[in-house]
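Please look over the sequence and the structure shown here before reading on.

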Amino acid sequence: AMTSADASFDAVQLSLRGQLFSTTRAVLTVYPGSYFEVMLRSADMRHEQGGATREPFVIDRPPQLFSWILTLMQAEHSALTSPVGNASEDAMLKEEVVPPDYKMQKMAELKELLASRGLAVSGKKDDLVRRLEEA
């Protein structure tokens, strides 16, 4: 049985180079033995031993790639939990993706994002951030 303390940790927030993703433990642990399952299990043990809060998890990987991985895990979780066994698009859309905090990213990352969108890469950090936020 899940306690209220367990329920409070059902939602999980991850920060990938400043971009926040919100999902659930069930989605992140859909593949047994995965990096995410181990990460959560390790955080649970630290938390049980009186460690600090574990949110958000910081992962130094490109958020664009993680977005695809998260979508795959959501589809797999939905297929496993759906009564008819089909992935529900509505279930995937319920996952919240928080807009990126470009100010937390490095200049090289900002320039890479701007270049991938065909935007100018010159200027100070505030200029690059503004350009990305307006795009």
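What follows describes a predicted model, beginning with the chain as a whole and moving on to the sheet, the helices and some single residues.

## The chain as a whole

The protein chain has 135 residues, of which 30% count as buried. Its secondary structure consists of 7 helices and 3 strands, and read along the sequence these elements follow the pattern α-β-β-α-α-β-α-α-α-α.

The protein chain exposes about 8,700 Å², with carbon and sulfur atoms supplying 57% of that area.

In which order do the strands of the open sheet lie? The 3 strands are arranged as β2-β1-β3, and their pairing is mixed. Because β2 and β3 (57-59) stand at the edges, each with a single partner strand, one side of each is left without a neighbour in the sheet. Neighbouring strands of this sheet are turned against each other by 30° on average, when direction is ignored.

Strands of a sheet pair through backbone hydrogen bonds, and the pairing may be parallel or antiparallel. Here β1 and β2 run antiparallel and are joined by 6 bridges, whereas β1 and β3 pair in the parallel sense over 3 bridges. Individual residues show how the strands line up: L14 has F21 in β2 as its bridge partner, and L16 has I59 in β3 as its bridge partner.

## The turn between β1 and β2

R17 is placed in the loop between β1 (11-16) and β2 (19-24). The hairpin formed by these strands has 2 residues between them, and within it R17 takes a positive phi near 50°. Most residues other than glycine have a negative phi. R17 is not a glycine, and yet its phi is positive.

Is R17 buried, partly exposed or exposed? Its relative accessibility is 28%, so R17 counts as partly exposed.

Helix α3 (residues 35-48) lies across β1 and β3, and its direction runs at about 140° to β3. Helix α4 (residues 63-81) also packs on the sheet, where it touches β1 and β2, and its direction makes about 10° with that of β2.

## The pair α6 and α7

Two packed helices are described by the angle between their axes and by the distance between those axes. For helix α6 (residues 107-116) and helix α7 (residues 125-134), the angle is about 35° and the axes are 10 Å apart. The crossing of α6 and α7 is left-handed.

Which residues bring α6 and α7 together? On the side of α6 they are M107, L110, K111, L113 and L114, and these meet K125, L128, V129, R131 and L132 in α7. Sorted by class, the contact of α6 with α7 has 7 nonpolar residues and 3 charged ones, with no polar residues.

## Two further residues

L20 and P63 are 43 residues apart in sequence, and their C-alpha atoms are 8.6 Å apart in space.

A26 lies in helix α2 (residues 25-28), and its relative accessibility of 32% places A26 among the partly exposed residues. Between the C-alpha atoms of A26 and E37, which are 11 residues apart along the chain, the separation is 9.4 Å.

Definitions and conventions:
Residues are numbered from 1 along each chain as its sequence is written. This is a predicted model: local features need pLDDT of at least 70, side-chain atom pairs count only at pLDDT 80 or more; totals for chains, interfaces and linings use all residues. Side-chain values use heavy atoms; hydrogens and water are left out. Helices (H or I, at least four residues) and strands (E, at least two) are DSSP runs, numbered from the N terminus. Buried means under 20% relative accessible area, exposed over 50%, partly exposed in between (1.4 Å probe, protein chains only). Accessible areas come from the Shrake-Rupley method with a 1.4 Å probe; for residues, only the protein chains shown count as cover. Axes are lines fitted to C-alpha atoms, for helices over the stretch in contact, and angles run from 0 to 180 degrees between N-to-C directions. A crossing is left-handed if the near helix is turned anticlockwise from the far one by less than a right angle, and right-handed if clockwise. Contact means heavy atoms within 4.5 Å. Ala, Val, Leu, Ile, Met, Phe, Trp, Tyr, Cys and Pro count as nonpolar, Asp, Glu, Lys and Arg as charged, and the others, Gly among them, as polar. Two strands pair if DSSP finds at least two bridges between them.
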